[in-house]
Structures are given as structure tokens and as C-alpha cells.
Amino acid sequence: MFSMPMALILSSHVAASMVGGGVSQRVLNAAGIDTMLVPTVLYGRHPGWGLPGGGPVEQDLFESVLSGISDQGLLDVTDVVLTGYFADVGQVFDSAAVMDVVRKGRRINKGAKAFSPEPIIVVDPIMGDAPGGLYVSAAIAAAIKDQLIPRAHLVTPNLFELGHITGRPLTDLASIVRAARSMERPVLVSSLPRHGQIGALYVDEHEAWLVVHDRFPKAPNGTGDALTAAFITYLLAGEDAKASLEQSVAATVSLVMRAAEWSAPELPLVAAAEVLAAPLVTLEAEAVQLA
């Protein structure tokens, strides 16, 4: 039976802002990937605009939504689990348990086969940024590190989060690559300053690739969410790590370009959806070699 990729997103739902799980969902949907979004919070807007409205999803409700998905048999055919922002330590432990269920799934449900032979677990360890530091509790940050990252096939921290997770000083590109490799799984690092520009770095045990681009004076929130989701879409399409990095960074940059062109306060993920598949810029990744 014909099947399309299916992703389970465990992250925030923000009604009026293009951030969090809403960004992940729209980027994945634009690539033909079906999604199930289980919200960790229900906010009216991004906190950067002021009081967001709404609040965290209680753990009992979070578990109940996951149970409904499980009872439908959809965890057996989930191709991607993507985690993002958490508001409660219990949500992190529930997400770890769901990852285990997905990885042990039968890869078939009611005659429909999963798109991929094996699922991909992606952890976006949303916990903080420079210069402010952590914006989740220390307990949530520790649970992400201890419970989710060991289960992940790919981790997508920003530079601050990489340093916090690994406990290593990140003083130059070599130290960043070594810190990423210490996590013993592929890592996509965002928000990486580089000679006045900014970029993203992909690292695994065999290779490291860096893409840089000019900084924007002001970019909407949600670019990290867009980058992670776009990277997943290219991986599922069969692209290698280098091409996935180049295309996903180019797509994210193109969204910001459209936002600047249109004076849009949020990422124009619907109006500019075409740039996800056909970015406005071409970026070339450079190999990073350690001495």
C-alpha cells in the first residue's frame, strides 16, 4: 500500500507566531511529510513579543494525546520523531518512552507500511542561547541531555546549547567540531559566528561541513526550527549530509530574505513556501579538516 513519510513532533504550539512545532509542521508538510504535533505548551504568541498567553500542557494531557496516537497504531509507522521545546520534565521522560516505542515499532499499521525501514530520532535541544543562557529549568535541560540525546540519531543544538550539553569551552572551529564529536552521533550546529558572518556546521565521526552566510540586521524568530525541519526533509529525500546542509541553510536564508523584503515580523512559511524547495540562494559547504 502507498505510504508517505510520517513525523511525530513533540514541541510548542504558538498560535500567532511562526516558531516551534508550528514551524516544524509547516516545513515538513511543504515537503510532503505528514505530521502529528503533540504540543508541550499552548501559547498565543512568542514570549519575545510580550506576555504570550496560554501556558504549559499538563503531563497527564500530554500523555493522553500520545496514548491516542499509539492506540491508532501510528507509532508503528512513524518515520521521524522530532523534539523541541519542553515546559515540564515529565514531558521529556514521556518523549523518551515514545522514542523507544517508535524504534521498536512493526513498521506497518492496518496494511500500510512505513515510508522508511527505520525511524529517525531528531532532538533539537531547545534550552537556551547566548547571551541570556538557559531559558528552561536546569532540570529540563538535564533531562534532555540524559534522556533524549542518547536516543537520538541527530542532535541540532545552537552554539550555546552545544557548549552547555558537552561542558566544553568552544573557542574556535576545531573545539566546536571536537565538542560535537564527543556526543557520538551526528550533530547540526546553528548560530555559529564566523569572521563576521554566521553559519551552520554538520559533524559526524567521519566528516564535518560548514556553511556560512551574511548576517541579517534582524531575522524573525523560528529560524532554528526551520533549519532543523528543512534538514530532515532533505535527508528523507535521500540527500547526503553535505547537500542537506547546503540546501537547508539556503532555504532558511531564503525565508529570512522574503521576510525582510516583505517587512514581515514572522517567517512567511506559507506565502514563501516555494523557497523551501527552490531556495533563492546557492550556498557551498566547505570541508572542515582538523590538524
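Start by selecting helix H2, residues 59–71: its 13 residues reach 18 Å from first C-alpha to last, close to the 18 Å expected at 1.5 Å a residue. (That expected span is 1.5 Å times one less than the number of residues; helices are DSSP runs of H or I with at least four residues, strands are E runs of at least two, and both are numbered from the N terminus.) You're in a predicted model, where local features need pLDDT of at least 70 and side-chain atom pairs count only at pLDDT 80 or more, while totals for chains, interfaces and linings use all residues. Residues are numbered from 1 along each chain as its sequence is written, and side-chain values use heavy atoms, with hydrogens and water left out.

Now show the side chains of Phe62, Leu66 and Ile69, the buried residues of H2. Buried here means under 20% relative accessible area, exposed means over 50%, and partly exposed is in between, with a 1.4 Å probe and protein chains only. Look down the axis of H2: the buried residues fall within an arc of 55°, so they line one face of the helix. The arc is taken over the directions from the helix axis to the C-beta atoms. An α-helix has 3.6 residues a turn, so residues three or four places apart point the same way. Among the elements covering the buried residues of H2 are strand S1 (6–14), strand S2 (34–43) and helix H3 (89–103). Following H2 comes Gly73, with a positive phi near 80°.

Next, helix H1 (residues 20–30), where the buried residues include Gly20, Gly21, Gly22, Val27 and Leu28. Their cover includes S1, S2, strand S4 (80–83), H7 and helix H9 (274–277). Just after H1, Gly32 has a positive phi of about 80°.

The largest nonpolar core has 52 residues, and Leu8, Ile144, Leu148 and Leu201 have the most contacts inside it. (A nonpolar core is a set of buried Ala, Val, Leu, Ile, Met, Phe, Trp, Tyr and Cys residues joined through side-chain atoms within 4.5 Å.) A second, separate core of 39 residues includes Val27, Ala229, Leu236 and Leu245.

Which rings make the stacked pair? Select Tyr202 and Phe231: their ring centres are 5.9 Å apart and their planes are at 25°, so the pair is stacked. (Rings of Phe, Tyr and Trp, using its six-membered ring, pair if their centres lie within 6.5 Å; planes under 30 degrees apart are stacked, over 60 edge-to-face, and the rest tilted.) Tyr202 is in strand S12 (residues 197–203) and Phe231 in helix H7 (residues 223–236), so the pair ties together parts that are 29 residues apart in sequence. Both Tyr202 and Phe231 are buried.

Then pick Thr252 in helix H8 (residues 241–262). Thr252 counts as buried, at 10% relative accessibility. Setting aside neighbours within four places in sequence, Thr252 is in contact (heavy atoms within 4.5 Å) with Thr223, Ala226 and Leu227.

Finish with some backbone spots. The peptide bond from Ala130 to Pro131 is cis, with omega near 5°, and Pro131 is in the loop between strand S8 (128–129) and strand S9 (133–134). Ser263, in the loop between H8 and H9, has a positive phi near 55° in a residue other than glycine.
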